[in-house]
Amino acid sequence: MEDLHVGTPPSDYECWEQKIIHFHNFLDLPDTKGNDNNVDSPEFKCFGHTWLLNVYPGRFDRAEDVYITVFIHNMSEETVTVDYEIRILKADGNESEFVVWNDESTIPPKNGKGNDITSMSTLLESPSEYLDNGALKIKVKLRLSKGCYENRIRQYLPACDNMDVSGDEETADIAFDLKGEIMVAHKCIIKSRAKDFYVMCEGYNNESPMPITDVDKEIFDIMLASLYGGEVFPEEWKKHSEAILKAASKYGFDTLKSEAEVWCAKSLKFTVENVISKFMEADGNGHALVKAAAKKFIMENGKDVVASESFELLHESLPLMREVMAASFDNNKKRKREDEEEA
């Protein structure tokens with residue numbers, strides 16, 4: 001059964017896809033007796049690739065014990081780099097401590113990665129805790145690794161089938177020139193999901209690429225992938241949230257802009273020297289969450305901020321100066337009231 005989501009996931013929601021696989025009558029499998037045989041799950045899809053969970057119920061004979069070993073197999077025709085987690089679930093559906101995981105694991109076609117997950121004797125100590133009516137349940141979680149940029153758009157194209165596009169570059173009808181590096185996309189996707197950017201693309205095509213001179217390739221790749229349903233990985237948000245917000249705001253990627261603003265508001269590193277410029281920039285660009293975070297820092301570090309050279313920048317904007325002074329006055333009243341209540 002597929003997971004269903006109601007509402008918008010939080011901005012730090014990690015882009016994992018998962019499957020729960022039930023190995024029924026697990027203890028009755030002949031392979032649990034120490035034979036070097038395996039049991040395969042049905043094939044399943046994640047991120048446009050085909051996978052299979054391979055389990056050796058009794059992989060090796062080790063000092064009168066046998067070990068359960070699990071492998072995630074890439075059944076597709078191309079190499080994929082993923083983060084994976086393979087975990088045994090308890091009978092009640094909660095996660096157990098038995099897990100195999102790896103980050104940025106490059107898995108070639110028709111190959112697998114894995115390891116021992118627990119010994120059979122450990123499982124047999126409390127079979128009712130780990131076997132649900134005789135079935136061993138294993139949860140497989142996968143996500144594209146943060147460094148997996150090549151063909152990233154194509155990973156998400158299956159979600160766009162109703163728009164009559166495919167993964168071949170031959171179907172792309174717009175190109176972008178990022179200082180000599182060419183990236184391509186489909187106007188039908190852009191029109192449906194970034195209307196302002198679509199207007200900017202008018203007059204450009206495969207033969208006449210649109211120049212993008214103020215955005216790095218890595219950032220623009222993230223932007224285009226977002227139009228195709230691609231998630232931005234938490235590691236990317238932490239590293240690039242400010243650059244993504246700036247580019248998404250300029251080029252009209254509204255959904256990505258909203259996500260980027262949330263990340264910037266909670267991850268930007270304010271200092272007494274940069275907070276005023278960040279505050280003014282956020283005000284000018286309409287980034288209310290970033291502006292509020294900057295104002296909060298100013299209120300918490302008022303004396304140091306006022307004493308800094310950067311505070312002179314506020315003289316360029318009388319409305320913002322008044323806003324900061326009003327907020328400071330309100331903050332002082334609140335602190336005084338709290339001190340009186342504590343006394």
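How many helices and strands does the protein chain have? The protein chain has 12 helices and 14 strands; here helices (H or I, at least four residues) and strands (E, at least two) are DSSP runs, numbered from the N terminus.

Colleagues, this is a predicted model, in which local features need pLDDT of at least 70 and side-chain atom pairs count only at pLDDT 80 or more, while totals for chains, interfaces and linings use all residues. Residues are numbered from 1 along each chain as its sequence is written, and side-chain values use heavy atoms, with hydrogens and water left out.

Of the 343 residues in the protein chain, 44% count as buried, meaning under 20% relative accessible area with a 1.4 Å probe, protein chains only.

I turn now to helix H8. Helix H8 covers residues 254-267, 14 residues in total, and reaches 20 Å from its first C-alpha to its last. Its buried residues are Leu256, Ala260, Glu261, Trp263 and Cys264. Their cover includes helix H6 (217-227), helix H7 (234-251) and helix H10 (288-300).

Helix H10 also meets helix H9, residues 275-285. The axes of H9 and H10 come within 8 Å and cross at roughly 150°; axes are lines fitted to C-alpha atoms, for helices over the stretch in contact, and angles run from 0 to 180 degrees between N-to-C directions. H9 is therefore roughly antiparallel to H10, a description for angles over 145 degrees. On the H9 side, Val275, Ile276, Phe279, Ala282 and Asp283 are in contact (heavy atoms within 4.5 Å) with Val290, Lys291, Ala294, Lys295, Phe297 and Ile298 of H10.

How values were computed:
Buried < 20%, exposed > 50% of the residue type's maximum accessible area, 1.4 Å probe, protein only. Expected span 1.5 Å × (residues − 1). Parallel < 35°, antiparallel > 145°, perpendicular 65-115°, else oblique.
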